[in-house]
Amino acid sequence: MGTTVVGFRLGWDRKGRQTTVVLTEAGVLHHSSGLLGLAPRPTRPHAPVGADPHPVPRQAATLRKLYAELLHQGYTRTLIAPACVRLDTGERPLHPRPWGEHAPTPHPELIAEFTGAAPAGPGSLEDALTAFFRAIGLTARSGSTAPPGPAAVPPGVPPAVREALRCLAEGRTLVSRPRRGAGWTVTGAGVRLNVGPAGEDLSHREVAELQAALTAWLRHQRRPGAGSGAGSGAR
């Protein structure tokens with residue numbers, strides 16, 4: 001019968017780890033994690049809590065939060081960009097009370113098919129979620145789960161800051177260029193410095209890019225409901 005899912009896979013190069021998260025049309029979040037280059041180990045899925053009449057949008061918000069948290073932890077390498085995929089593998093029936101002894105069990109075949117069927121190339125989490133909602137007939141509801149629009153930007157704001165602020169307002173992530181041992185990640189949820197075994201001096205250009213990202217983040221935090229952005233890398 002098959003099912004439609006949306007998911008992604010991120011890697012943490014410094015620790016040699018990877019993690020995959022997949023959301024199904026029944027609102028079940030499937031996870032797997034492990035070492036880079038090895039078969040990932042599935043963990044217990046997260047089913048909708050309680051008698052939620054709209055579990056998918058709520059679980060989609062959790063998916064966004066997980067994406068932001070993983071980036072913040074250090075999973076900044078995109079192994080599989082966020083994508084909506086139609087699978088041949090059917091979703092297992094969900095118990096009316098999906099917790100305790102009735103909680104869903106790991107479904108490695110579903111995750112494996114997603115990783116094999118997901119398209120190569122870049123993609124944003126918001127685009128993938130939009131396609132997912134449309135595919136399962138929740139197009140009208142997808143707008144309620146999108147991040148709030150950008151606030152008005154005062155005149156005189158440098159173009160680099162304006163662009164960075166737009167990315168944060170869209171739920172995207174600002175990251176430094178990956179060629180250096182020292183770098184940074186800026187999301188709507190926070191700012192993280194990534195330092196390798198030895199520190200490195202930033203070039204003038206890199207300092208300017210970081211300044212623009214931090215300025216945008218400070219402005220982004222002044223918006224109502226800010227602090228929950230997530231999404232694909234802006235660089």
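Of the 235 residues in the protein chain, 44% are buried, where buried denotes a relative accessible area under 20%, exposed one over 50%, and partly exposed the range in between (1.4 Å probe, protein chains only). The structure is a predicted model, in which local features need pLDDT of at least 70 and side-chain atom pairs count only at pLDDT 80 or more, whereas totals for chains, interfaces and linings use all residues. Residues are numbered from 1 along each chain as its sequence is written, and side-chain values use heavy atoms, with hydrogens and water left out.

The protein chain contains six helices and eight strands, these being DSSP runs (H or I over at least four residues for helices, E over at least two for strands) numbered from the N terminus. Read from the N terminus, the order of elements is β-β-β-β-α-β-α-α-α-α-β-β-β-α. Of the contacts between residues at least 6 apart in sequence, 65% join residues at least 24 apart, a contact being defined by heavy atoms within 4.5 Å.

Helix H3 spans residues 125-135, and its buried residues are Leu125, Glu126, Ala128, Leu129, Phe132 and Phe133. These residues lie on the same side of H3 because they cover an arc of only 160° around the axis, the arc being that of the directions from the helix axis to the C-beta atoms. An α-helix has 3.6 residues a turn, so residues three or four places apart point the same way. The exposed residues Asp127 and Arg134 are carried by the face of H3 turned away from its buried side. Just after H3, Gly137 adopts a positive phi of about 80°.

The axes of H3 and helix H1 (residues 55-73) come within 12 Å and cross at roughly 165°, with axes taken as lines fitted to C-alpha atoms, for helices over the stretch in contact, and angles running from 0 to 180 degrees between N-to-C directions. H1 and H3 are therefore roughly antiparallel to each other, a term applied to angles over 145 degrees, while those under 35 count as roughly parallel, 65 to 115 as roughly perpendicular and the rest as oblique. On the H1 side, Val56, Pro57, Ala60, Leu63, Arg64 and Tyr67 meet Leu125, Glu126, Leu129, Phe132 and Phe133 of H3. The residues of this contact divide into nine nonpolar, no polar and two charged, with Ala, Val, Leu, Ile, Met, Phe, Trp, Tyr, Cys and Pro counted as nonpolar, Asp, Glu, Lys and Arg as charged, and the others, Gly among them, as polar.
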